[in-house]
Amino acid sequence: MTKLIEVKVECYSGYKADEYPICFYRYDRRFEIHEIIDRWYQGDSNPEWPVSNYFKVDTACGERFLLKHDLETDKWYICK
């Protein structure tokens, strides 16, 4: 089972708002995103799962995280 931890995220906004994450904060620590390794969209085919964007990212400090942006609530999470 996946555990979701809510985090604050700063995003690049180009042709749309919150296009992709550039950094996030966890435990008052800033994690700068060095590279987006993968990204995918979870559509609304299953009403039990909210419409979301996922980003697998590498941070500048060398750690890898999976971020989820719940588009219905506009909240960001780290997936563990």
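**Exercise 1.** In this predicted model, find which residues Gln42 is in contact with, leaving aside its neighbours within four places in sequence.

*Solution.* Start by locating the residue: Gln42 lies in strand 3, which covers residues 29-42. Next, look around Gln42 and skip the neighbours within four places in sequence; the contacts are then Trp49, Pro50, Val51, Ser52 and Tyr54. Now look at the side chains: those of Gln42 and Tyr54 are joined by a polar contact of 3.3 Å.

**Exercise 2.** Decide whether Gln42 counts as buried or exposed.

*Solution.* Take the relative accessibility of Gln42, which is 19%. Then recall the cut-off: buried means under 20%. Gln42 therefore counts as buried.

**Exercise 3.** Work out the order in which the six strands close into a barrel.

*Solution.* Follow the pairing around the barrel: the order is 1-2-3-4-5-6, and the pairing is antiparallel. From one strand to the next, the twist averages 40°. Now zoom in on one pair: strand 1 (residues 4-12) and strand 2 (residues 20-26) run antiparallel and are joined by five bridges. For an example, pick Lys8, whose bridge partner in strand 2 is Tyr25.

**Exercise 4.** Find the distance that separates the C-alpha atoms of Ile5 and Cys79.

*Solution.* First place Ile5, which is found in strand 1. Then count along the chain: Ile5 and Cys79 are 74 residues apart. To finish, list what Ile5 touches, not counting residues up to four places away in sequence: Arg26, Trp76, Tyr77, Ile78 and Lys80.

How values were computed
Residues are numbered from 1 along each chain as its sequence is written. This is a predicted model: local features need pLDDT of at least 70, side-chain atom pairs count only at pLDDT 80 or more; totals for chains, interfaces and linings use all residues. Side-chain values use heavy atoms; hydrogens and water are left out. Helices (H or I, at least four residues) and strands (E, at least two) are DSSP runs, numbered from the N terminus. Buried means under 20% relative accessible area, exposed over 50%, partly exposed in between (1.4 Å probe, protein chains only). A polar contact is a pair of N or O atoms within 3.5 Å; within protein, one must be able to donate a hydrogen and the other to accept it, and residues adjacent in sequence count only if both atoms are side-chain atoms. Contact means heavy atoms within 4.5 Å. Two strands pair if DSSP finds at least two bridges between them. Axes are lines fitted to C-alpha atoms, for helices over the stretch in contact, and angles run from 0 to 180 degrees between N-to-C directions.
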